[in-house]
Protein chains: 2
Amino acid sequence: MEQDQKRFTRLDPVIHARNQDRWSGPLGEEALSRYERDGFLWFEGFFSQERVRPFFDELKEMAKDTDLVKSDQVITDPDSGDIRSVFAMHELSRRFDELTRDPRILGMVRQLLGGDVYIHQSRINDKFGFQGSGFNWHSDFETWHSEDGMPRMRAVSASIMLTDNNEFNGPLMLIPGSHHYFVPCYGATPEDNWKDSLKSQRVGVPSQQNLRDLVNQGGIQAPKGPPGSLLLFECNTLHASNKNLSPWPRSNLFFVYNSVDNVPGKPFCGHEPRPHFLANREDHEPLSMHDNLEPL
Amino acid sequence: MEQDQKRFTRLDPVIHARNQDRWSGPLGEEALSRYERDGFLWFEGFFSQERVRPFFDELKEMAKDTDLVKSDQVITDPDSGDIRSVFAMHELSRRFDELTRDPRILGMVRQLLGGDVYIHQSRINDKFGFQGSGFNWHSDFETWHSEDGMPRMRAVSASIMLTDNNEFNGPLMLIPGSHHYFVPCYGATPEDNWKDSLKSQRVGVPSQQNLRDLVNQGGIQAPKGPPGSLLLFECNTLHASNKNLSPWPRSNLFFVYNSVDNVPGKPFCGHEPRPHFLANREDHEPLSMHDNLEPL
């Protein structure tokens, strides 16, 4: 199983705003350097708990929409059958759409990606108490490159916590510095791999030797905080999460921003592209700021 | 699934040394009260790392003994086939036997159980990096009562860490205060349940409502520390552990001490008793202190 232990040094910059543009904000050099070094930035309590509650409530409403729940856009837990993910949230709801264009998030994302961006994918991940399964180590870029044909590492995920994320409810774990390498994964991508891999990942996992080396180099971090906390992580940062063995639900929102200069082409794995709700191939219109600056 | 949400208040004392005997040491009243309240005591770095290394090395030697590995006494991981547990370690090795009789551990255990004790079970639990599966919430007493016929709650487990236990390698999680209740579990015990349940537990899990209530009351704690750390936990304290998603192995030793006044009778589930290496029904001779007091 340890046949392929190679890894390649990243070719793309981590921060795409260059030279003077790097310093035009909103992020200062300290935060930028940390993002460059670790591959993520954590903002504990970025939004207030009151600000994020309506998103959580709207999700509960969606769970009552039986047509939606039966659609491919909704992923249920292999064990319990409960809703685990809803994709393309921002197309279903004005509230989510406006949040993707919140000037404070969008400003940082434009700086990191060096220009205009659009949403490649949006989703909510919900781990119910005692039920949510975990997710093996992976780089999102590896999937987006292979299965969606995303050419370069020029995307960033914004994850907004809708519930407390703590030690026991399966928080996201990241390997700081892992985004500096492209770690090839085992096995050819099977056709329609997404139908399976969204539930539990069996192919496309980095070798244990590579994981061991990268963890020995950078360690593991699992940011924890109250609802409203924000994580920005680079598309190639290795991450995983464990089961939720606590009674506390863990519900996180993900917006994947991609540079308008990095739109997906033909998938590199040779299969048909994944559906629109997983990989937006239709609308690459640059996001405009939602200029009604609501209180954080 | 939520049909049986009852739980019963514990009938047995938590600390069995009564009146003046409670205060004859070695544990002071502060530690005793904490054990009484939480159902466990954590001693970070109780032994030095040098002191525990030989036990770890001996375990590696045992893994080379193919006859032993093939025996029922050794449990392999359902996914990887690696050694996950070895039972009755103290019967295989003088070093382990002497450790069960270390005066410092034995003194505390005698005080907690109010008199002489013997080993009901000893085992080592090994979670290899990336491989160790988790274990659902359970009380050991529930199994020992039902499957081994242990009459009362008068046993304590001593767990000695042979490796670092940290946030990411699947440390033991406990629900403080859960030992005050007897939480019935679902479903009748199948015959020879132990063959299956040692690998992954499917029956005998407390109801989610009970777990939720107990966690809301007492929270969850996962003691962490270096090799040599010691955990004493009451036989009825609910505990669980998550997968090891890190490259760091997690190897813990368990000695289960039972009072000589609490020897198992006929199993309450009505089946044949479990094998000797899981539940000692033969040798109830009180443990004597190993009086060569090696340095901690």
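**The interface between chains A and B**

In this predicted model, chain B and chain A bury about 2000 Å² between them, with 66% of it on carbon and sulfur atoms; buried area is the accessible area (1.4 Å probe) that two parts lose on being put together, summed over both. Phe130(B), Phe168(B) and Leu245(B) supply 31% of the area that chain B buries against chain A, more than any other three residues. The model is predicted, and local features need pLDDT of at least 70, side-chain atom pairs count only at pLDDT 80 or more, and totals for chains, interfaces and linings use all residues. Residues are numbered from 1 along each chain as its sequence is written, chains are lettered from A and ligands numbered from 1 in the order in which they are written, and side-chain values use heavy atoms, leaving out hydrogens and water.

Turning to contacts (heavy atoms within 4.5 Å), 26 residues of chain B meet 26 residues of chain A. The interface holds two salt bridges, each a side-chain nitrogen of Lys or Arg within 4 Å of a carboxyl oxygen of Asp or Glu. Lys224(A) forms a salt bridge with Glu167(B), their closest N and O atoms lying 2.6 Å apart.

The backbone also has some details worth a look. In chain A, the peptide bond from Gly25(A) to Pro26(A) is cis, with omega near 5°. In chain B, the bond from Gly25(B) to Pro26(B) is cis, with omega near 5°. Asn19(A) has a positive phi of about 50° although it is not a glycine. Ala88(B), another residue other than glycine, has a positive phi near 55°.
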